[in-house]
Amino acid sequence: MDHNASLSAPPRLTRGIVLLCLATLGTAGAAFVLRRPLMMSAPRCMAGRWHGCFDTFNGVVLMTVVALPLAVLVAWALARRRRAAGVASAWRKSLAEVGMVHGTVPFLWMTMMPGGGAGTVPPRVSLVPLRDLVTMGAGGIVGNLLVFAALGFFAPMRFAAPASLPRILALGAGCSALVETAQYVLRLDRVSSVDDVLVNAAGAVLAALASRHWWCTTPQAPSDQPRPTPAPAG
């Protein structure tokens, strides 16, 4: 038994090392592909300056990419602690929790960035469905699809309550409606649009479809054979 336990320890350590290496390679690859726009904000971010880093799209993306290995390390630490406590599906729960936070917070931050006329321009609302899709452009549509994509991908893997496509749709639409309401109340010089809610919710559902293999459970079909009747006692 001691020999089998000693053999099971290295694979766990190897799994953590592989995940950290993959996160490092992914970070390096993303930084290489996006090196030109990201390097515009790198000096200000490295200097810890707010203006030019955390208030710009490029700066937020850069800090998200840089924090990717740290997110994987946190997931590994949570999974290790849960496995030591005997929690089932420790890796899945830990990765889902970290993935929801790391993949959603940066997009929410960018969504809540104030425009040039924040606080002075009256809030604007667009309640006509599909009218703003034309003005969004391809980049705007892709960005809106990604806002709650991590939430839709990981939430049904971590929690049983949202583990269905209608519930993920309701979750994405509800979170997006809260964001649009906050933009209106805080007067961030952004248009609170119903199309943003629709596209955000669609992105959550598409991401949930991508992870459906890990959270969807197929109920077993009832057997056609009659069950044996118990023999009478006595």
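In the predicted model, Leu151 is in contact with Met100, Thr104, Pro156, Leu171 and Cys175, when neighbours within four places in sequence are set aside. Leu151 also belongs to the largest nonpolar core, which has 15 residues. Leu151 is listed there with Met100, Phe148, Phe154, Met157 and Ile168 as the residues with the most contacts inside this core. Two or more residues of this core come from each of α6 (90-111), α8 (149-158), α9 (165-186) and α10 (194-210). The most are given by α8, with five residues. Apart from this core lies another, of 10 residues, including Leu38, Val60, Val61 and Leu62.

Helix α8 is largely enclosed by the rest of the structure, because eight of its 10 residues are buried. The buried residues of α8 are Ala149, Ala150, Leu151, Gly152, Phe154, Ala155, Pro156 and Met157. Among the elements that cover them are α6, α7, α9, α10 and α11 (212-215).

Helix α6 has 22 residues. From its first C-alpha to its last, α6 reaches 32 Å, close to the 32 Å expected at 1.5 Å a residue. Its buried residues are Ala90, Trp91, Ser94, Ala96, Val98, Gly99, Met100, Gly103, Thr104, Pro106, Met110 and Thr111. Two of these, Met100 and Thr104, are also contacts of Leu151. An α-helix has 3.6 residues a turn, so residues three or four places apart point the same way.

Thr111 is likewise found in helix α6. Thr111 counts as buried because its relative accessibility is 17%, below the 20% cut-off. Residues up to four places away in sequence not being counted, Thr111 touches Val147, Val179, Gln183 and Arg190.

Helix α7 (residues 133-146) packs against α10, the two axes coming within 10 Å and crossing at roughly 35°. The crossing of α7 past α10 is right-handed. On the α7 side, the contact is made by Leu133, Met136, Ile141, Asn144 and Leu145. The residues of α10 that take part are Asp195, Asp196, Val199, Asn200, Ala202 and Gly203. Sorted by class, the contact comprises six nonpolar, three polar and two charged residues.

Met39 is found in helix α2 (residues 35-46). With a relative accessible area of 49%, Met39 is partly exposed, since the exposed class begins over 50%. The C-alpha atoms of Met39 and Leu62 are separated by 8.3 Å, although the two residues are 23 apart along the chain. Leu62 is one of the residues of the 10-residue core.

The order of elements from the N terminus is α-α-α-α-α-α-β-α-α-α-β-α-α. Of the 234 residues in the protein, 30% are buried. Among contacts in the protein with a separation of 6 or more, 72% are between residues 24 or more positions apart.

Definitions and conventions
Residues are numbered from 1 along each chain as its sequence is written. This is a predicted model: local features need pLDDT of at least 70, side-chain atom pairs count only at pLDDT 80 or more; totals for chains, interfaces and linings use all residues. Side-chain values use heavy atoms; hydrogens and water are left out. A nonpolar core is a set of buried Ala, Val, Leu, Ile, Met, Phe, Trp, Tyr and Cys residues joined through side-chain atoms within 4.5 Å. Buried means under 20% relative accessible area, exposed over 50%, partly exposed in between (1.4 Å probe, protein chains only). Helices (H or I, at least four residues) and strands (E, at least two) are DSSP runs, numbered from the N terminus. Contact means heavy atoms within 4.5 Å. Axes are lines fitted to C-alpha atoms, for helices over the stretch in contact, and angles run from 0 to 180 degrees between N-to-C directions. A crossing is left-handed if the near helix is turned anticlockwise from the far one by less than a right angle, and right-handed if clockwise. Ala, Val, Leu, Ile, Met, Phe, Trp, Tyr, Cys and Pro count as nonpolar, Asp, Glu, Lys and Arg as charged, and the others, Gly among them, as polar. The expected span of a helix is 1.5 Å times one less than its number of residues.
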